[in-house]
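Hi there,

Here is the structure I promised to pass on to you. Have a look at it first, and then read my notes below.

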Amino acid sequence: MSFYDAYNAKLSVTDADPRTYSINNTKRVIQAGIKDSPSYMEVTFNNSLLSVGVQIVDDSKTKELKLLSTLDSNYTSGNYVHWNNETWLTLIVDDMASIYKRGTIKRCISSLKWCDSLGAIKDVYFTEAEYISHNLGLNDGRVITLSDERRSIVVQKNIDTLRIHKQQRFIFEEGRCWRVTGINSLTENLITFELEETLLNESKDNVALRIADYFIHDYSIHISNGNNVNLKPNDTLQLELVIKDHGTITSLPLTYLSSDDSIITVNETGLITAISNGIANIRVSLTNSPDVVDTLDVVVSDAVHSGWTLDISGSDFCKITQVQKFIGTVKNNGVTDTTKLIRWTLYDDSGVQPTTLGVIVSQSGHEVSIRANKKYTGYVKIKGVCYEGTNFTVEDLATFTIEDLSELTVDQLHDAGFISEEVAEYSVEELSVHTIDELFSLGLTTEQLASFTVEDLAMYTVGELANERVLVSAMKRVQIKSLI
């Protein structure tokens, strides 16, 4: 081998220039020195499970601090160092001539715990701050000691800690409660919080878990298009959903899934497309709480039948003496229809008997308002009945005389919800025994009336036997609560 060939061979396994060669050689020497040092430790950074060899020695100036040396190029301030069954926070990192890094670390004394907006429990370690923030009104160089009612702490800056806000409360230090009064996020990779002690709230704070304002989410999903729809191939339908937490409407990420993509598909926005004839369903769940789910059954066929649904929206609560409004949405195969009428009634929690806990104060079109009583709490049920008018109105029928009734044909009465066979057995006098308003007040449906005998009907006053054709009905349960 010639000298030239030997030189090229050496270059192929060494660094291209003297400086790079010197840096890499120094790194090898330092790495060997760290590993052979009595201060050599195996640690992990942040959430990594990979051990890293470092050197940790005492800080000569401050006994609470230690100095960490490592060749890990990703080591920065804000890194958590897990070592010897303890967690330390990196406050400062010096880049030593791009050869190795030396950081100042301080042992974490506790952690902040809280529930985020999705109900997940967050937990981040903190250590005491080494300096006092300017928002305390102090000049640089002043040495002070915070009172027992105040704390200054430092945490890693990350997506969770950046969401911590003023007035947020935490529990640490033997069950004491603290409120954030100041935030300094100007330091790279670190956030300093100023806190002052505040009172615990037994009804909201969980001392055992160390979480202030702790609550368990009660999520629900409701597909307001109905329980089932009928579509033709190539039809589309946009899902409409209501997500609640403890009865309050909220917005959360959703996951959509079709049981059979060859029949129906659904995209990430909830748009359903009918592909071919068959039966399938769409499953909608909370992305972060997959057990919270609702489903919609879909029938795809060339001949589409009506599929009426009534959805009653509004608060699940109404405080005593106050008025609450509710809105009914009528849909046919998931598509809103504003032409149909809704009649409203109010019942006790059984859904059958009248209630004394509230009254309907107004109803117009698809809207109804109820007022809660002045004293008692409990539950009521609002019932909406969606119907389709026939060739005569309820008001007209309420004024009919016996002679008027006798002029109605069997077909007309059948269109209003009668069964022809039963109508043929009724005398004019029997049909005129009852009044419309009384049956309306009972909330009876056409289906219920159709099963009554003449003797059953004699117990009421009827006119609503000629009730309009009922398409669908629904109930909503509402809690009457105290003002407190």
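A term to start with: helices (H or I, at least four residues) and strands (E, at least two) are DSSP runs, numbered from the N terminus. Residues are numbered from 1 along each chain as its sequence is written, and side-chain values use heavy atoms, with hydrogens and water left out. Please keep in mind that this is a predicted model: local features need pLDDT of at least 70, side-chain atom pairs count only at pLDDT 80 or more, and totals for chains, interfaces and linings use all residues.

Let's begin with a loop. Asp160 lies between β9 (150-156) and β10 (169-172), in the loop that joins them. Which residues does Asp160 touch, leaving aside residues up to four places away in sequence? They are Trp114 and Lys122, where contact means heavy atoms within 4.5 Å. Lys122 is 38 residues from Asp160 along the chain, and their C-alpha atoms are separated by 7.6 Å.

Next, a sheet. Strands of a sheet pair through backbone hydrogen bonds, either parallel or antiparallel. Two strands count as paired if DSSP finds at least two bridges between them. Here you can find an open sheet of 3 strands in the order β15-β20-β19, with antiparallel pairing. Its edge strands, β15 (236-238) and β19 (264-266), each pair on one side only. Between β15 and β20 (residues 271-274) there are 3 bridges, in the antiparallel sense. Within β20, Thr273 is the residue opposite Thr236.

Now the aromatic rings. Rings of Phe, Tyr and Trp (its six-membered ring) pair if their centres lie within 6.5 Å; planes under 30 degrees apart count as stacked, over 60 as edge-to-face and the rest as tilted. How many aromatic pairs does this rule give? The count is 6. One of them is the tilted pair of Trp83 and Trp88, with 5.3 Å centre to centre and 40 degrees between the planes. Phe172 and Trp178 make a stacked pair, at 5.5 Å and 15 degrees. Ring pairs also link Phe172 and Trp178 with Phe126 in a cluster. Trp83 and Trp88 are both buried, and so are Phe172 and Trp178; buried means under 20% relative accessible area, exposed over 50%, partly exposed in between (1.4 Å probe, protein chains only).

Finally, charges over rings: NZ of Lys or CZ of Arg must be within 6 Å of the ring centre and within 35 degrees of the ring normal. The charged end of Arg477 sits over the ring of Tyr379, 3.6 Å from its centre. Lys481 has its charged end over the ring of Phe317, 4.3 Å from the centre.

Enjoy exploring!
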